[in-house]
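Please find below a colleague's note for a reader who is new to this structure. The points are numbered and may be read alongside the display.

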Amino acid sequence: MTTLLAIGDMHLGRLPANLPEDLRSQQKALGPDTAWMRCVNEAINHRVDAVVLAGDLVEQARDFFVAYGQLKGGLEKLATAGIETYAVAGNHDVHVLPRLAAELEHLTLLGAGGRWETARIKDIELIGWSFPQAEVRHSPLDDFPNHRLEQVRIGLLHCDRDKSGSRHAPVSSTDLAAAQVSAWLLGHIHQPDDLGGDRPIGYLGSVSALRASETGHRGPWLIRTDQGRVQAEQLLLAPLRYEAHTLDLTALKRAEGLGARILECARKSLLRLAGGERLPDALRLRLTL
């Protein structure tokens, strides 16, 4: 069995937006750098063979030094445990990620210059493509090396799925499905897909919530390959979680009863999350009345 830890859009250098006043002092602790170090620890705990990152590791070019410091410690910790890290560049980090990869040991950039590139990780082939510039209006799959699938091959790509006019590497679901790969691990869209089944194809999602619209599960994915099958399991490690709920107040006779309904909703959310492996450090509810 070969095991990977796959991480979607991390956006180091960016902090969660619109936190309430009593949480603003914890903005950094609830952000991507905390999520990154949790991913590092989880990769070591699960003894994965490699960590893979699906683009937009860094928010923008000016965050070079912030990202350098945050990435370096994690990469060295992973390397000490015998775990190498592979990444593709997205539209946000098209310029800064190649510079970081040149400076940081144990970070391998795949597909530089918009050319498909492969790496061997035990018995699997990892194939990736990186943005050559911030805007790419053609599909990277146009020149995908679609040779016969003879082993487990996992594709790593930052792209905009089923958006034909997109400036961010538009690809179609049909072309993704037709490609000779065992799985596609995608970056760019922050909402994670359901990656169940024996051939996962979809978005990993942002590793930690960055704005209130990013509701629901967040975290890296444990990718296991065994006898040609690929299985994906999301690890809920995000320090900040948003949940959206709708409260039907039709039967409410007096406005004074609203507070009790909101507390009931919050209590149920916490009880449900408490049944998992890890609680977020902060939970924010978005209520539609």
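1. A salt bridge is here a side-chain nitrogen of Lys or Arg within 4 Å of a carboxyl oxygen of Asp or Glu. By this rule, the count in this predicted model comes to 20 salt bridges.

2. One of these joins Asp 281 to Arg 38, with the closest N and O atoms 2.6 Å apart. Asp 281 belongs to the loop between α5 (258-274) and β15, and Arg 38 to helix α1 (residues 32-45), so the bridge ties together parts that are 243 residues apart in sequence. The two partners may also be described by their accessibility. Arg 38 has a relative accessibility of 15% and therefore counts as buried, whereas Asp 281, at 48%, counts as partly exposed.

3. Another salt bridge brings together the side chains of Arg 137 and Glu 135, at 3.6 Å from N to O. Arg 137 counts as exposed because its relative accessibility is 52%; Glu 135, at 37%, is partly exposed. Both residues also belong to a network of salt bridges that includes Arg 167.

4. The side chains of Arg 254 and Glu 256 likewise meet in a salt bridge, at 3.8 Å from N to O. Arg 254 is exposed, with a relative accessible area of 58%, and Glu 256 counts as exposed at 60% relative accessibility.

5. The aromatic residues deserve a separate point. The structure holds 6 aromatic pairs. Among them is the pair of Phe 64 and Phe 65, which is edge-to-face, with 5.0 Å from centre to centre and 90 degrees between the planes. Which of these two residues is buried and which is exposed? Phe 64 is buried, at a relative accessible area of 11%, while Phe 65 counts as exposed at 68% relative accessibility.

6. The surroundings of this pair can be followed further. Phe 64 and Phe 65 form one aromatic cluster with Tyr 68.

7. A pair of aromatic rings is described by the distance of the centres and the angle of the planes. The ring centres of Phe 144 and Trp 184 are 5.6 Å apart and their planes stand at 55 degrees, so this pair is tilted. The pair links distant parts of the chain, 40 residues apart: Phe 144 is in the loop between β6 (124-129) and β7 (152-158), and Trp 184 is in strand β10 (residues 183-187). Phe 144 is buried, with a relative accessible area of 9%, and Trp 184 counts as buried at 0% relative accessibility.

8. Attention is also drawn to Glu 59, which is found in the loop between β2 (50-53) and α2 (64-80). With a relative accessible area of 14%, Glu 59 is buried. Leaving aside residues up to four places away in sequence, Glu 59 touches His 11, Leu 12, Gly 13, Arg 14 and His 92.

9. The last point concerns the surface. Which residues make the nonpolar surface patch of about 230 Å²? The patch is made by Ile 262, Leu 287 and Leu 289. Of these, Leu 289 lies in the segment after β15 (282-288) and counts as exposed, at 55% relative accessibility.

Technical notes: Residues are numbered from 1 along each chain as its sequence is written. This is a predicted model: local features need pLDDT of at least 70, side-chain atom pairs count only at pLDDT 80 or more; totals for chains, interfaces and linings use all residues. Side-chain values use heavy atoms; hydrogens and water are left out. Helices (H or I, at least four residues) and strands (E, at least two) are DSSP runs, numbered from the N terminus. Buried means under 20% relative accessible area, exposed over 50%, partly exposed in between (1.4 Å probe, protein chains only). Contact means heavy atoms within 4.5 Å. Patches are made of residues with over 30% relative accessible area and no salt bridge: like charges are joined within 9 Å, nonpolar side chains (Val, Leu, Ile, Met, Phe, Trp, Tyr) within 5 Å. Accessible areas come from the Shrake-Rupley method with a 1.4 Å probe; for residues, only the protein chains shown count as cover. Rings of Phe, Tyr and Trp (its six-membered ring) pair if their centres lie within 6.5 Å; planes under 30 degrees apart count as stacked, over 60 as edge-to-face and the rest as tilted.
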